[in-house]
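The following paragraphs lead the reader through a protein structure, moving from strand pairing to helix packing and then to charged contacts. Please keep the sequence and the model in view while reading.

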Amino acid sequence: MSRTVSRAAIVSAIVKKDLVEFSRDTLYLFLSILGLVLFITFFWIAPSTVNETLTLGVHQTGMNALFDQFQEGADASEGLKLVQFASEEELKKVVAGDLEYWESKDGAQTFLRDKAAGDEKPKDAKKVDVAIGIGFPAGFLEKTAAKERTTVTVYSDAGVPSEIQGAMTSFVREIAYTIAGDAIPVTEPAQENIILGTDRAGDQISIREKMRPMLALFVLMVEVLSMASLVSSEVMNRTVTAVLVSPARAGDFLMAKTIYGTMLAMSQAMIVLIAIGAFTTTNWWLLLLTMLVGSVMFTGVAMIVGAAGKDFLGTLFYGVLFLVPLMIPAFAILLPGTASAWIRFLPTYGMTQVLTGVTAYGLGWADVWQNLLAATAWVVVIYLAGLFTLKRKVESL
Amino acid sequence: MTEAAIKVEDITYAYGDLLAVKGISFEVQPGEILGFLGPNGAGKSTTIKMLTGQVAPKGGRAQILGADITLDDPDIQARIGVCFEEKNLYLAMSAKENLDFFASLYGIKDPDSLEILRRVGLADRAKDRVKTYSKGMRQRMMISRAFINKPDVLFLDEPTDGLDPVTSASIRATIKEEAARGAAVLLTTHDMFEADELSDRVAFINDGVIVAIDTPENLKLKYGKRSVKIRLRNGSGVREETVALDTPQSGELLKEVVGSGEVLTIHTEEATLEDIFIQMTGRGLVG
């Protein structure tokens with residue numbers, strides 16, 4: 001019996017079959033649904049605001065006039081808040097976390113709470129984190145003016161970056177110079193800060209905003225493992241051989257896997273991006289394009305992983321091997337300052353930059369096209385590598 | 001004479017330096033079952049792989065339904081059915097879903113999957129996932145998949161390997177039905193009874209070479225021993241007489257022996273295909 005069947009019909013039949021198989025794969029179905037729920041939950045419970053103010057605790061005696069000047073200066077500027085403590089011991093305990101520092105909402109009253117001793121939370125007050133403090137010794141003003149050596153203690157929580165600790169030390173030194181009547185041996189420029197690159201001062205994005213590209217990549221990552229498992233199963237069980245002795249050709253099989261992988265990855269990434277409020281009326285097409293690029297990229301990775309992995313553990317091993325480097329640019333956005341310049345050469349760098357720029361800073365096509373182009377170039381390389389690897393594997397069976 | 005459904009001329013295949021198929025030639029006519037009989041590693045499965053387009057021959061030529069196999073013609077692929085030795089089924093899908101999927105690859109809009117499953121005794125388990133099937137059921141499923149497109153040429157690689165006698169008999173019956181419908185069947189097996197029962201002709205393949213190809217009857221006549229063994233009661237004991245059937249006196253001699261006492265059993269000493277294979281190649285069919 002002779003029949004003619006179109007290539008599109010064959011590809012469509014294989015895609016439908018893949019979807020049925022996916023719906024029967026309890027493990028990956030569970031992981032996919034769990035992933036969607038967890039990723040969306042993580043996003044909405046992450047802090048949505050950025051506290052850019054550094055609260056500096058101070059203990060001093062006999063320096064009220066000077067401290068009032070500091071206080072006025074701090075109030076006038078953004079990013080620095082001074083709080084005064086009656087004793088150095090209190091300051092030390094607050095910085096160490098043994099005592100809590102609370103302020104009434106209008107800032108007029110302050111409270112110290114010893115949680116370990118069972119103190120109640122002060123009513124109508126908010127807790128203020130004091131992670132760093134300076135303890136000036138008694139007679140500091142007089143002794144410094146007389147150019148006598150004194151000891152000023154800077155208390156710092158372990159989590160305070162070393163740069164801030166260094167800045168506090170410099171701050172104390174500058175005060176001492178000023179009181180002693182010595183001029184600082186540098187000329188201050190007319191513009192105090194010269195920012196190289198985009199100035200994000202006052203424009204920092206929250207953890208929640210930073211999580212968007214990472215969550216999108218996580219979704220794609222789960223789908224890579226799911227599709228790789230499917231491909232690996234087709235190869236190892238040799239069901240692909242049964243397909244290829246029918247009118248279906250290797251090209252049909254590869255095309256079907258591309259469509260299936262891209263469709264599955266993109267649809268789930270879309271669900272997450274919609275649920276975390278990434279889309280706006282102006283950025284939707286740019287986000288769609290970016291996720292399409294990302295989905296094809298990860299489908300290529302899945303083809304390589306699926307062809308290499310011989311079982312669940314093999315798929316997991318190769319999956320992690322490929323996916324960890326691809327996740328680095330997303331982590332770098334979450335933890336700025338941790339990454340080196342070489343991450344620019346990772347395939348997902350462009351994609352994460354576009355996602356962050358579009359969703360967090362409202363950038364448009366003109367701002368992100370170069371990153372998108374770089375991501376597309378990587379897609380071509382990875383997808384072709386995936387096709388080649390899987391085709392060779394299928395033909396070698 | 002009709003055109004051969006399978007026509008093979010001097011094809012060869014090598015795995016690296018190992019020559020697995022060394023220039024074999026044969027034909028299979030429509031409606032004919034050709035049994036490929038040989039031990040494991042003789043080159044049976046490699047021949048099927050070449051003819052179904054899974055691997056390309058290193059030499060020689062072969063045609064399926066008049067088309068050269070190297071053309072990789074989807075229209076020809078649409079007219080063949082293959083039952084693989086390994087059970088490469090989609091285990092997470094039901095039997096019906098498996099058949100419907102493969103039917104769609106052949107462009108069959110409304111496949112009668114249930115009828116095909118009924119033929120192999122799986123209709124009542126049609127909606128169960130294949131992973132719940134026993135080995136025999138999976139093998140029957142493999143056979144039914146090979147039939148889904150009502151193929152003109154069927155390649156069956158060890159279709160009853162390791163199955164119980166009842167399942168084997170059921171599968172053999174369906175293979176005969178397909179041949180009766182007009183399909184050319186190339187059947188590989190190392191089961192001499194299966195080859196004898198199913199095949200119109202058998203080809204003995206050993207070490208990549210066809211050493212004999214003929215009907216089972218002719219092979220038995222040509223290589224077998226024509227004699228009859230008769231056991232008779234002899235007083236309180238039993239005696240055994242062997243009468244050769246190839247002499248002019250055979251009839252008289254047989255009559256005389258049978259009349260000489262109470263006959264307990266009479267057996268022909270016809271050679272089995274395995275006996276002939278061993279005689280020709282010096283090795284058995286298993287191993």
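Which residue stands opposite Val153(B) in S8(B)? In this predicted model, the residue opposite Val153(B) in S8(B) is Ala184(B). The strands concerned are S7(B), which comprises residues 153–157, and S8(B), which comprises residues 184–189. They run parallel and are joined by five bridges.

Six strands of that chain form an open sheet of mixed pairing, in the order S6-S7-S8-S3-S9-S10. At its edges lie S6 and S10 of chain B, the latter spanning 209–214, and each of these pairs on one side only. From one strand to the next, the twist averages 15°.

Strand S6(B), residues 80–83, has both of its faces covered. Ile80(B) and Val82(B) are buried on one side, and Gly81(B) and Cys83(B) are buried on the other. S6(B) runs parallel to S7(B), to which four bridges join it. Within this pairing, Cys83(B) has Leu156(B) in S7(B) as its bridge partner.

Chain B contains ten helices and 13 strands. Its C-alpha atoms fill a box of roughly 70 × 45 × 40 Å along the principal axes. Of its 287 residues, 49% count as buried.

Strand S3(A), residues 100–104, and strand S4(A), residues 110–113, pair in the antiparallel sense over four bridges. Trp102(A) has Phe111(A) as its bridge partner in S4(A). The two strands form a hairpin with five residues between them, and in this hairpin Gly107(A) takes a positive phi near 80°.

Attention now turns to the helices of chain A. Helix H7(A), residues 207–236, packs with helix H11(A), residues 312–334, at an angle of about 165°, and their axes are 10 Å apart. H7(A) is therefore roughly antiparallel to H11(A), because an angle over 145 degrees counts as such. The crossing of H7(A) and H11(A) is right-handed. The residues of this contact comprise 18 nonpolar, four polar and one charged.

Ile175(A) lies in helix H6(A), residues 162–180. With a relative accessible area of 6%, Ile175(A) is buried, because values under 20% are counted in that class. Ile175(A) and Pro47(A) are 128 residues apart in sequence, and their C-alpha atoms are 36 Å apart in space.

The remaining topic is charge pairing. Side chains of opposite charge can pair when their charged atoms come close. Over all chains, the structure holds 31 salt bridges. One of them joins the side chains of Arg24(A) and Glu97(B), with an N to O distance of 2.8 Å. This pair crosses between chains, from helix H1(A), residues 7–24, to helix H3(B), residues 95–105. Glu97(B) is partly exposed, with a relative accessible area of 25%.

Arg118(B) counts as partly exposed at 49% relative accessibility, and Glu115(B) counts as partly exposed at 31%.

The side chains of Lys220(B) and Asp196(B) also meet in a salt bridge, at 2.7 Å, N to O. Lys220(B) lies in helix H8(B), residues 216–223, and Asp196(B) in helix H7(B), residues 192–198, so the pair ties together parts that are 24 residues apart in sequence. Lys220(B) counts as buried at 10% relative accessibility, whereas Asp196(B) counts as partly exposed at 29%. In chain A, salt bridges that share partners join Lys17(A), Asp18(A), Glu21(A), Glu234(A) and Lys257(A) into one network.

How values were computed. Residues numbered from 1 in each chain as written. Chains lettered and ligands numbered in written order. Heavy atoms only, no water. Pairing = 2+ DSSP bridges. Axes fitted to C-alpha atoms, helices over the stretch in contact; angles between N-to-C directions. Parallel < 35°, antiparallel > 145°, perpendicular 65-115°, else oblique. Left-handed = near helix turned anticlockwise from the far one by under 90°. Nonpolar A, V, L, I, M, F, W, Y, C, P; charged D, E, K, R; others polar. Salt bridge = Lys/Arg side-chain N within 4 Å of Asp/Glu carboxyl O. Buried < 20%, exposed > 50% of the residue type's maximum accessible area, 1.4 Å probe, protein only.
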